[in-house]
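Subject: Handover of a structure and summary of findings

Dear colleague,

Please find below the structure that I am handing over to you.

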Amino acid sequence: MRHHLRIKITGILLTAILLAGLLSACSLAKNSTNTSITVTETGAITENIIEDKTGDFTAEELSAYVKEKVAAYNKGNEKDPTVEMESCTVDNGSVQLTMKYASCDDYAAFNNVVCFQGTLKEAEDAGYDVMNITWYEQNGAKGDEEVISGRIKEWKVFIISEPISLKLPDKILYTSENVKITGRLTAVVETVMNPSGETPKTTTVSSLQGSSQTDTDSGTGTAVKPALTPHPLATVAEQNAYVMYK
């Protein structure tokens, strides 16, 4: 499968299908544009996965597997689960799965990807180098660094490591270069390779590490998070995507 043919599908969905011997990873690399997440002001996430279906399996089979993994994640917290499967539909042409997450941390931990929401200052404190990013407006103009610096405790940022469609709770102001603004509240994360073809060392998150400990990049002296190892079947972008909003 060619490197750039990536799908947006959670590791759990793809794992379920592969474990059942129903699909191959490459056979799913057709269409990722219909999968999206909606983020609320509190950080709760609704994920709508829509993928082409190839193979012979039922909604009941897929639903049972996903529910098993959700139950394992919520173990010990069954009365107030933080991850839930809302619906699962399988027809002749597609697989549709809707998942609910209580927080960005739950989304990150369940899918083994980067996911963060907070003010620019909170992101900086968490180890994200948000003040050294080149920010862009929808028209391609660069953001005013002085203005952004003055709103570091006010304006918020959503960070994710997946090529996916996003809907945020308030007006999008600026994004990193690998994001396309498509509306007042919406954007699409696009995969962008480094010139070296290597994953940036800052493509990290602390939510799965359970610690705020940082390492030091010997080349720059900058404190960075240890690299996150994603689920082997999850799809992630080569760079984190940053979306700033009010």
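The notes below begin with the whole chain and then turn to particular elements and residues.

Please bear in mind throughout that this is a predicted model.

Overall composition

The protein chain contains five helices and 13 strands. Of its 246 residues, 44% are buried. Among contacts with a separation of 6 or more, 67% are between residues 24 or more positions apart.

The nonpolar cores

The largest nonpolar core has 36 residues. Within this core, the residues that touch the most other members are Ile37, Ile45, Met99, Tyr107, Phe158, Ile160 and Leu166. The contacts of Ile37, setting aside residues up to four places away in sequence, include Ile45, Tyr107, Phe158, Ile160 and Leu166. Ile37 also touches Thr46, Glu47, Ile164, Ser165 and Lys167. Another core, of 18 residues, lies apart from the largest one, and its members include Phe116, Trp135, Ile159 and Met244.

The packing of α2 and α3

Two packed helices are described by the angle between their axes and the distance between the axes. Helix α2, residues 59-73, packs with helix α3, residues 104-111, at an angle of about 120 degrees, and the axes are 11 Å apart. The angle therefore makes α2 oblique to α3. The crossing in which α2 passes α3 is right-handed. On the α2 side the contact is made by Lys69, Val70 and Tyr73, and on the α3 side by Asp105, Asp106, Ala109 and Phe110. Sorted by class, this contact of α2 with α3 has four nonpolar and three charged residues, with no polar ones.

Residues around these helices

Ser63 has its place in helix α2. Ser63 counts as buried because its relative accessibility is 12%, under the 20% limit. Beyond its neighbours within four places in sequence, Ser63 is in contact with Met85 and Cys88.

Thr82 is found in the loop between α2 and β3, the latter being residues 83-90. The C-alpha atoms of Thr82 and Asp105 are separated by 9.8 Å, with the two residues 23 apart along the chain.

Asn112 is found in the loop between α3 and β5, where β5 covers 115-119. What is the phi of Asn112? Although Asn112 is not a glycine, its phi is positive, at about 55 degrees. Asn112 counts as partly exposed, with 24% relative accessibility.

Strands β3 and β4

Thr89 has its place in strand β3, and Ser94 lies in strand β4, residues 94-101. Is Ser94 buried or exposed? Ser94 is buried, with a relative accessible area of 14%, whereas Thr89, at 39% relative accessibility, counts as partly exposed. Ser94 touches Thr89 as well as Glu51, Asp52 and Lys53, not counting residues up to four places away in sequence. Leaving aside neighbours within four places in sequence, Thr89 is in contact with Ala59, Ser94, Val95 and Gln96. Thr89 and Thr58 are 31 residues apart along the chain, and their C-alpha atoms are separated by 8.5 Å.

Two buried alanines

Ala187 lies in strand β10, residues 186-189. With a relative accessible area of 1%, Ala187 is buried. Its contacts, leaving aside neighbours within four places in sequence, are with Ile164, Ser165, Leu166, Ile172, Val179, Lys180, Ile181 and Thr182. Among these, Ile164, Ser165 and Leu166 are also touched by Ile37. The C-alpha atoms of Ala187 and Lys167 are separated by 6.7 Å, the residues being 20 apart along the chain.

Ala126 lies in the loop between α4, 120-125, and α5, 145-150. Ala126 counts as buried, at 15% relative accessibility. The C-alpha atom of Ala126 is separated by 9.3 Å from that of Phe116, which lies 10 residues apart along the chain. Phe116 is among the members of the 18-residue core.

Yours sincerely

Methods: Residues numbered from 1 in each chain as written. Predicted model: local features only at pLDDT ≥ 70, side-chain atom pairs only at ≥ 80, totals over all residues. Heavy atoms only, no water. Helix = DSSP H or I, 4+ residues; strand = E, 2+ residues; numbered from the N terminus. Buried < 20%, exposed > 50% of the residue type's maximum accessible area, 1.4 Å probe, protein only. Contact = heavy atoms within 4.5 Å. Axes fitted to C-alpha atoms, helices over the stretch in contact; angles between N-to-C directions. Parallel < 35°, antiparallel > 145°, perpendicular 65-115°, else oblique. Left-handed = near helix turned anticlockwise from the far one by under 90°. Nonpolar A, V, L, I, M, F, W, Y, C, P; charged D, E, K, R; others polar. Core = buried A, V, L, I, M, F, W, Y, C linked by side-chain atoms within 4.5 Å.
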